[in-house]
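Reader: Could we go through this model together? I would like to begin with the metal site and then move on to the rest of the fold.

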Amino acid sequence: MVENNELRKAGLKVTLPRVKILQMLDSAGHRHMSAEDVYKALMEAGEDVGLATVYRVLTQFEAAGLVVRHNFDGGHAVFELADSGHHDHMVCVDSGEVIEFYDPDIEKLQREIVKRHGFELVDHNLVLYVRKKS
Ligand SMILES: [Zn+2]
């Protein structure tokens with residue numbers, strides 16, 4: 001199983017809750033989940049994993065570099081798999097929905113602005129807070 005290998009590579013023992021939570025984050029449409037989202041989704045899938053365990057496992061995953069935690073304004077921390085490549089985020093201020101995007105022009109412009117200030121870009125984290133147009 002892919003999940004088992006991922007866990008071993010990260011130096012974590014393979015346990016059922018870890019495998020289930022990793023599978024959940026890996027399944028389509030389940031990116032950017034809060035601990036509560038993961039807990040609810042596991043319950044709906046009939047898996048008996050407590051909320052405290054979900055919190056603990058997600059923290060272990062973060063420490064092991066398997067997942068990235070985002071602390072968007074006005075919401076719970078959300079987690080996504082670390083292997084998803086660079087992208088930026090939009091967060092809907094009404095629904096909390098997280099939308100991913102990647103724009104080569106923005107990436108380029110950021111590097112240029114940094115260069116103009118005499119630096120080189122090491123990393124960035126761009127979050128746009130948005131609302132559905134009515
Ligand atoms: Zn993302």
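**The zinc site and its surroundings**

Reader: Is His89 buried or exposed?
Author: His89 is buried, with a relative accessible area of 2%. Buried means under 20% relative accessible area, exposed over 50%, and partly exposed in between, for a 1.4 Å probe and protein chains only. Please note that this is a predicted model, in which local features need pLDDT of at least 70 and side-chain atom pairs pLDDT 80 or more, while totals for chains, interfaces and linings use all residues. Residues are numbered from 1 along each chain as its sequence is written, and side-chain values use heavy atoms, without hydrogens or water.

Reader: Which atoms coordinate the zinc ion?
Author: The zinc ion is held by NE2 atoms of His32, His87 and His89, by two OE atoms of Glu80 and by an OE atom of Glu100, at 2.0 to 2.6 Å. Donors here are N, O and S atoms within 2.8 Å of the metal (3.2 Å for Na, K and Ca), and because water is not among the atoms, sites may look incomplete.

Reader: What about the angles among the six donor atoms?
Author: They run from 53 to 161°, and the site is irregular. Six donors count as octahedral if opposite ones are over 155 degrees apart and all others between 65 and 115.

Reader: How are the donor residues spaced in sequence?
Author: The pattern is H-x47-E-x6-H-x1-H-x10-E. His32 lies in the loop between α2 (16-26) and β1 (33-34), and His89 in strand β4 (residues 88-92), so this pair ties together parts that are 57 residues apart in sequence. Helices (H or I, at least four residues) and strands (E, at least two) are DSSP runs numbered from the N terminus. His32 is also buried, at a relative accessible area of 9%.

Reader: And His70, where is that one found?
Author: His70 belongs to strand β2 (residues 67-70). With 9% relative accessibility, His70 counts as buried. The side chain of His70 makes a polar contact (N or O atoms within 3.5 Å) with the side chain of Glu80, at 2.7 Å.

Reader: Changing topic: which residues of helix α1 are buried?
Author: In α1 (residues 2-9) they are Glu3, Asn4 and Leu7. These three cover an arc of only 100° around the axis, which puts them on the same side of α1. The buried residues of α1 pack against α2 and α4 (51-63).

Reader: Which exposed residues does the face turned away carry?
Author: That face of α1 carries Val2 and Lys9. After α1 comes Gly11, with a positive phi near 80°.

Reader: How many helices and strands are there in the protein?
Author: The protein has five helices and six strands, in the order α-α-β-α-α-β-β-β-β-α-β from the N terminus on. The C-alpha trace spans about 50 × 40 × 20 Å along its principal axes, and 33% of the 134 residues are buried.

Reader: Finally, where is the place of Glu112?
Author: Glu112 sits in helix α5 (residues 104-116) and is partly exposed, at a relative accessible area of 35%. The C-alpha atoms of Glu112 and Ile21 are separated by 40 Å, and the two residues are 91 apart along the chain.

Definitions and conventions
Four donors count as tetrahedral if all angles lie between 85 and 135 degrees; four count as square planar and six as octahedral if opposite donors are over 155 degrees apart and all others between 65 and 115; anything else is irregular. A polar contact is a pair of N or O atoms within 3.5 Å; within protein, one must be able to donate a hydrogen and the other to accept it, and residues adjacent in sequence count only if both atoms are side-chain atoms. The arc is that of the directions from the helix axis to the C-beta atoms. Contact means heavy atoms within 4.5 Å.
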